[in-house]
Amino acid sequence: MDNNSLKPKTFWKRPEGKTGMLFMGLLGAGGLYGLYKVLPFLITIVENTLYLGVLLAVLGALIYIVLDPKMRNLIFYMYKSFMRWLTGLFIQIDPIGILKSYIEDLHDNLKKMNKQIASLKGQMKRLQTIIYDNKKNINNNLKLASAAKERDKKGIMILKSRKAGRLKESNMKLDELYKKMEILYRVLVKMYENSEILLEDIEDQVMVKEQERKAVRAGHSAMKSAMNIIAGNNDKKEMFDRALEAIADDVSMKIGEMERFMEMSNNFMDSIDLQNGIFEEEGLELLEKWENEGVSLILGNQKDLLVHDQHSVDLDAPIVKTKTQNNQYSDLFNFED
């Protein structure tokens, strides 16, 4: 996976940012209303020289805060921290907590996907039996038609020939269906394997990063973070949390893709009636639509290889999980000192 695509969201795009915008709007409206109410009083104060001096001092401080970039950063940091605390009262925004909930989702989805693979495998084996039986019936009917022709029984010959033709036409459609089911099976198995790796990566990452985060927080008090902001340095605690949020966003999109594909494949299998040898075109259209969509987040460049693979599927081959050498999210935590 290209880590450049995992760009941490800015404050304004995160949940606390939306709270911040609402809060800032309310503050602005309240400030304007308050200014309107106290304007006569302010005019009276300005008339007093002592109060005027105080007012000028406050105004000078405000101008300094506005013009000095370090002070602006400090005020904005305090504002973001408050908005994050306020938003956290209502919704889960802690990236570690969010990732833990995604781990539970992945466990559940892998169980469902495993059942789906087993169900698809059973359908494919039944379809193989139907195709094989049809081929035997085709040969039998052709032999009977040939025998009827030799005995000059034209009616039986025509009947058996037509039956063989219908079975052959049916087998052509069933062969097409089986090839689509092979694509679905390959993709489900590969998605299952990759999702297992993703789950293991996330579990390892959460276990390690939760401990590292505690250490970072212990060594970075609010005062130290504020001093880093004033000095113009990056705050390591904030960078650490933003990297975790980028992981949470990426995992969220992958789980969404996984669930959408499972729903699509389930609809595809529901559209097939092997007992009567029929299937709905809508099911095939759903699979073809997915084939023509963009790159898969879970499969990456493997998607095209799986879709265009012409080899027959070995239904008895076990699902093998291949562990990656490095955790795919490790580079996100390579902070510069």
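Asp152 is exposed, with a relative accessible area of 68%, where exposed means over 50%, buried under 20% and partly exposed in between (1.4 Å probe, protein chains only). Asp152 is located in the loop between α4 and α5 and has a positive phi of about 60° although it is not a glycine. This is a predicted model, in which local features need pLDDT of at least 70 and side-chain atom pairs count only at pLDDT 80 or more, while totals for chains, interfaces and linings use all residues. Residues are numbered from 1 along each chain as its sequence is written, and side-chain values use heavy atoms, with hydrogens and water left out.

**Overall make-up**

- The protein has 9 helices and 2 strands; helices (H or I, at least four residues) and strands (E, at least two) are DSSP runs, numbered from the N terminus.
- Starting at the N terminus, the order of the elements is α-α-α-α-α-α-α-β-β-α-α.
- Of the 337 residues in the protein, 36% are buried.

**Nonpolar core**

- The largest nonpolar core has 52 residues; a core of this kind is a set of buried Ala, Val, Leu, Ile, Met, Phe, Trp, Tyr and Cys residues joined through side-chain atoms within 4.5 Å.
- Leu99, Ile202 and Phe268 have the most contacts inside this core.
- Two or more residues each are given to this core by α4 (95-150), α5 (154-219), α7 (236-270), α8 (281-292) and α9 (302-307).
- Helix α5 supplies the largest share of this core, 16 residues.

**Salt bridges**

- The structure holds 2 salt bridges, each defined as a side-chain nitrogen of Lys or Arg within 4 Å of a carboxyl oxygen of Asp or Glu.
- Lys190 pairs with Glu193, and their closest N and O atoms are 3.1 Å apart.
- Lys190 and Glu193 are separated by about one helical turn, because they are 3 residues apart in helix α5.
- Lys190 is partly exposed at 22% relative accessibility, whereas Glu193 is buried at 11%.
- Lys254 forms a salt bridge with Asp250, with 3.1 Å between the closest N and O atoms.
- Both Lys254 and Asp250 belong to helix α7, where they are 4 residues apart, about one turn of the helix.
- Lys254 counts as buried at 5% relative accessibility, and Asp250 is buried at 4%.

**Surface patch**

- Val54, Leu56, Val58, Leu59, Leu62, Ile63 and Leu67 make a nonpolar surface patch of about 660 Å².
- Patches are made of residues with over 30% relative accessible area and no salt bridge, with like charges joined within 9 Å and nonpolar side chains (Val, Leu, Ile, Met, Phe, Trp, Tyr) within 5 Å.
- Accessible areas come from the Shrake-Rupley method with a 1.4 Å probe, and for residues only the protein chains shown count as cover.
- Leu56 lies in helix α2 (residues 49-67) and is exposed, with a relative accessible area of 51%.

- The charged end of Lys303 sits over the ring of Trp290, 4.3 Å from its centre; the rule asks for NZ of Lys or CZ of Arg within 6 Å of the ring centre and within 35 degrees of the ring normal.
- Met262 is placed in helix α7 and is buried, with 8% relative accessibility.
- Met262 and Gln116 are 8.0 Å apart in space, C-alpha to C-alpha, and 146 residues apart in sequence.
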